[in-house]
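Here is a short report on one structure. Look over the chain first, then read on.

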Amino acid sequence: MTNKTTGQKAEKKIEEALKILNALGLPRQQLNERSALTLLSLLGLSPAGRWDDATDPLMGITPMMDFFQEHYGKKYAPNTRETVRRQTVHQFLQAALIVANPDKPSRPTNSPKAVYQIDPSVLKLLRGFGKPGWNGHLKEYLRTVNTLKKLYAHERDMQRLPVKLANGEEIRLSPGGQNILVKKIIDDFCPLFTPGCYIMYVGDTQAKWAYFDSEALGRLGIKIQEHGKIPDVVVHHADKNWLVLIEAVTSHGPVNPKRRQELKELFSGSRAGLVFVTAFLDRRAMLKYLNDISWETEVWIAESPTHLIHFNGERFLGPYEE
């Protein structure tokens with residue numbers, strides 16, 4: 001078989017994948033080569049493969065991109081990995097075409113070990129593409145897909161971590177990742193070291209933030225423009241007028257000198273004194289980052305919740321006037 005013939009088969013398979021995505025109602029932004037190749041990789045379909053031979057491999061983003069190159073000659077730069085994840089895989093998840101981490105649902109979707117798999121009902125549908133009865137099966141699938149989406153949304157919600165804030169409000173965090181530690185911070189650290197506090201911000205592994213009271217921060221003179229730079233938990237200890245900035249460390253680093261300076265600048269307008277805390281699940285996790293932790297900060301370890309480790313300075317758990 002010539003390279004020309006192989007190339008023609010590859011282009012034909014990509015065109016067919018685009019027809020399917022269009023028929024399934026994907027937005028115009030996802031009707032492109034990248035999305036077509038992503039679908040084909042998740043079906044294990046090479047250019048010479050038949051639709052009724054489609055399979056359902058577990059695949060991460062990088063293996064998908066390797067598939068693009070190996071079978072279709074389409075090389076995507078490593079720095080486009082996030083584009084594939086955010087501009088195609090995310091939309092496939094929302095459309096209930098694929099499921100995330102079926103082997104371990106508690107694994108966060110931003111984990112480097114995250115994998116995806118074509119939904120069984122979609123696999124069954126696509127194996128019939130091009131055959132008599134395809135249009136009828138497609139209509140039946142489209143009629144039931146919204147029910148499927150609701151079911152998946154309910155299952156995801158059941159897995160979320162319930163957290164009750166000091167004001168009695170309950171929020172639910174995405175399962176896995178640093179959110180396990182964030183829940184421990186709110187449940188254990190805050191009652192012990194900032195009793196009666198007001199929680200102003202809680203980050204979430206998947207949703208960026210689970211709780212954000214911009215008005216309360218505004219009353220302290222703080223305006224946050226970039227949520228990506230805010231620490232995982234922000235607490236106002238009103239009795240002492242401290243603003244406690246807590247980083248939950250599971251994959252990202254602690255409050256090191258650079259991060260401490262960045263937080264000071266971000267909260268420079270605060271009328272409350274700033275306290276910097278790095279939280280770890282256990283001592284082993286802390287040891288990995290021990291040399292990076294900034295002086296004049298605090299460390300809290302969830303497995304020993306009643307203790308704090310103070311990194312120098314004349315104060316223990318308090319702001320420094322500069």
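The report covers helix packing, nonpolar cores and aromatic pairs.

## Basis

This is a predicted model, in which local features need pLDDT of at least 70, side-chain atom pairs count only at pLDDT 80 or more, and totals for chains, interfaces and linings use all residues. Residues are numbered from 1 along each chain as its sequence is written, and side-chain values use heavy atoms, without hydrogens or water.

## Helix packing

Helix α2 spans residues 33-42 and helix α3 residues 61-72. Helices here are DSSP runs of H or I with at least four residues; strands are E runs of at least two; both are numbered from the N terminus. The axes of α2 and α3 come within 9 Å and cross at roughly 95 degrees. Axes are lines fitted to C-alpha atoms, for helices over the stretch in contact, with angles from 0 to 180 degrees between N-to-C directions. The two helices are therefore roughly perpendicular (65 to 115 degrees). On α2, the contact (heavy atoms within 4.5 Å) uses R34, L37, T38, L40, S41 and L42. On α3, M64, F67, F68 and Y72 take part.

α3 also packs against helix α4, residues 81-94. Their axes are 10 Å apart, at an angle of about 100 degrees. That makes this pair roughly perpendicular too. I61, T62, M64 and M65 of α3 meet R81, V84, R85 and V89 of α4.

## Nonpolar cores

A nonpolar core is a set of buried Ala, Val, Leu, Ile, Met, Phe, Trp, Tyr and Cys residues joined through side-chain atoms within 4.5 Å. Buried means under 20% relative accessible area, exposed over 50%, and partly exposed in between (1.4 Å probe, protein chains only). The largest core has 42 residues. L39, L43 and L97 have the most contacts inside it. α3 gives the largest share, six residues.

What does L43 touch, leaving aside neighbours within four places in sequence? Its contacts are W51, A54, T55, P57, I118, L123 and L126. A second, separate core of 24 residues includes C190, F193, V202 and V233.

## Aromatic pairs

The structure holds nine aromatic pairs. Rings of Phe, Tyr and Trp (its six-membered ring) pair if their centres lie within 6.5 Å; planes under 30 degrees apart are stacked, over 60 edge-to-face, and the rest tilted. F67 and Y72 form a tilted pair, with centres 6.3 Å apart and planes at 40 degrees. F67 is buried at 10%, and Y72 is buried at 7%.

F280 and Y289 are stacked, with centres 6.2 Å apart and planes at 25 degrees. Ring pairs also link W51, F129 and W134 into a cluster.

Technical notes. Angles under 35 degrees count as roughly parallel, over 145 as roughly antiparallel, 65 to 115 as roughly perpendicular and the rest as oblique.
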